[in-house]
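Could you have a look at the model first, and then go through my notes beside it?

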Amino acid sequence: MIFVHKMLDLLPMTHQEIREKFINFFKEKGHVLVPSSSLLPTDPSVLFTTAGMQQFKPYYTGEADPEKDFGSKNVISIQKSFRTSSIDEVGDDTHGTFFEMLGNFSFGGYWKKEAIAYAYQFITKEMGLKINYVTVFEGDENIPADTESEKIWKLMDPSIKIKKLGREDNFWGPTGDEGPCGPSSEIYVGGVEIWNIVFNQYYQDKNKNLKELEIKGIDTGMGLERLAVAIQGVKNIYETDLFSFGKDLPRIIADHSRAIVFLISDGVLPSNKERGYVLRRLIRRIIIKGNDTANLYDILSSIIREYLPFYDNLEEGKIRDVFKEEAEKFWKTMAKGLAELNKLETIDAQTAFKLYESYGLPYESIKDSGKAKNLTREEFDEEFKKHQEKSRAGAEKKFGGHGLLLDTGELKAANEEEVKVVTRLHTATHLLQASLRKVLGEEIKQAGSDIMAERLRFDFTFPRKLTSEELKKVEDLVNDIIVRDLKVTKEEMSYEEAIKTGALSFFKQKYPPKVNVYSIGDFSKELCGGPHVSNTSEIGRFKITKEEAVSAGTRRIRAVVN
Ligand code: ATP
Ligand code: MG
């Protein structure tokens, strides 16, 4: 990232000063500061607090009265946040598991004009930063484009660059079956998204109908770490003064140690499930990486010192005790694992994974033993992935509860109607794979596929997030083939023959000696058990609804047809 702006003759703002500026700026505009809520939300179905708005949900729906509780319809917070979805991204320049989110919120107090003006003034005047560009919602077949926000941005700054993006990037919610939702607008500084402003404009009911909300809400979130990167003119969050405790540490240790401090102080204890398991994984990872436990204690203590002025519930004694107990347990388990390892003559991928799973022995230690001469990292990771697939499949068995008419493992449908939809989605999945190969390169490989009437879900190997341009290209390509109404044909042949013709196979699957190869014109050819539509036009319109990471190196796309 290149930051054009850097204060020339002044020392860069510290994170304390950023916090103060944010609080004072919004207080002057009638906001009340509400303390951060715990990382453990009161709603037990949610694992962790991931954004500032979470504690304010009842004020958006009208269940609670902000004026009674805060004395104002407009509030701000600096919210502790933790995202497990970021664990795979830790190590990049801009994602942490734990981070702090600065946010201003309004429950019927003000609307787009004020929200955009505040954000613009804060970034450009208070922080003295240059905005690269902003994004607004471009609209789709169901929801109009957010032209109002576009106009306001232009009024604010006629030369500002505005990008228009779709539902995936610039529309928020609803969470669950129904609820408030609306377009969003994001601010990019130094090439990175730093502030997301959500306009809670609609209520979506169970049948996906949208109604304008009576009480319109503003919900914003800006990462303190990313803002500090921009202000302090450094290259990544680890170089900001929020990480002054760990300038030379491996990023995993710096990131996870901070998360460990905050999770323990908010009441998480290591265990084998849910929140406790997440904490256990974080602790184990830094122990493996850091090795020297005494040094890790020092790191935890420096974090506590750094953050005590803002969070008074950081109890050093408690945090150290929980960490110590878990570390000792882990060393003991590892010692058992090493004893097991010593009993073995040679170690293959499966045994290595067992040692990892049961005793936490990392790949490196297993290699160091000299007993796994032929084992490669790839094989080990492969075994790991297989295991993930299995546990995922287990979780999805629950779905079978209501008697399925079709269940191929990949396709599931409860009645005739659903069989038709999943058949269309299935052919669309073949087109999706072929299109991904065209747009991203032949080396992408299927890593999983799951289809039910609501959507298709396709996993594939690829090292990074797809850009919105790439997603659009893929979507367009699939729709092009659909409208060309290509014939879908089936041929039976031996497995060897099929592979020779270049048909794609899914390596995880065991194929019988005779297989079916489905071709869609000359665009796609795959080994497959069907069922498929006979002509691509039967699929209807194809739309990607989400792209995300499943694990490092594996991406997931969800899509629908209508
Ligand atoms: P990205 O697309 O960059 O992963 P996001 O769209 O998931 O971010 P939002 O959910 O919009 O992020 O969160 C609001 C703001 O919080 C972001 O603009 C960013 O400044 C900050 N933020 C989000 N995730 C992280 C993270 N993992 N680490 C640090 N800051 C984050
Ligand atoms: Mg965002």
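This is a predicted model: local features need pLDDT of at least 70, side-chain atom pairs count only at pLDDT 80 or more; totals for chains, interfaces and linings use all residues.

1. Let me begin with the overall layout. The domain assignment divides the chain into domain 1 (15–232), domain 2 (248–377) and domain 3 (408–561). Between the C-alpha centres of domain 2 and domain 3 the separation is 39 Å.

2. Next, the metal site. Which protein donors does the magnesium ion (ligand 2) have? They are Glu186 and Glu193, each through OE, at 2.3 to 2.7 Å from the ion. Glu186 has a relative accessibility of 6%, and because the cut-off for buried is under 20%, Glu186 counts as buried. Glu193, at 25% relative accessibility, counts as partly exposed.

3. Now a helix pair. Two packed helices are described by the angle between their axes and the distance between the axes. Here, the axes of helix α8 (residues 251–265) and helix α11 (residues 316–343) come within 9 Å and cross at roughly 110°. Helix α8 is therefore roughly perpendicular to α11, since angles of 65 to 115 degrees fall in that class. On the α8 side, the contact is made by Ile260, Val261, Ile264 and Ser265. On the α11 side, Lys318, Ile319, Val322 and Phe323 take part. What is the make-up of this contact of α8 with α11? Its residues divide into six nonpolar, one polar and one charged.

4. Please also look at Arg455, which lies in strand β13 (residues 455–461). Is Arg455 buried or exposed? With a relative accessible area of 12%, Arg455 is buried. Leaving aside neighbours within four places in sequence, Arg455 is in contact with Leu425, Asp450, Arg558, Ala559 and Val560. For a sense of scale, the C-alpha atoms of Arg455 and Glu214 are separated by 31 Å, and the two residues are 241 apart along the chain.

5. Which residues does Ser494 contact once its neighbours within four places in sequence are left aside? They are Pro513, Lys514 and Val515.

Terms used: Residues are numbered from 1 along each chain as its sequence is written. Chains are lettered from A and ligands numbered from 1 in the order in which they are written. Side-chain values use heavy atoms; hydrogens and water are left out. Domain bounds come from an automatic or database domain assignment. Donors are N, O and S atoms within 2.8 Å of the metal (3.2 Å for Na, K and Ca); water is not among the atoms, so sites may look incomplete. Buried means under 20% relative accessible area, exposed over 50%, partly exposed in between (1.4 Å probe, protein chains only). Axes are lines fitted to C-alpha atoms, for helices over the stretch in contact, and angles run from 0 to 180 degrees between N-to-C directions. Helices (H or I, at least four residues) and strands (E, at least two) are DSSP runs, numbered from the N terminus. Angles under 35 degrees count as roughly parallel, over 145 as roughly antiparallel, 65 to 115 as roughly perpendicular and the rest as oblique. Contact means heavy atoms within 4.5 Å. Ala, Val, Leu, Ile, Met, Phe, Trp, Tyr, Cys and Pro count as nonpolar, Asp, Glu, Lys and Arg as charged, and the others, Gly among them, as polar.
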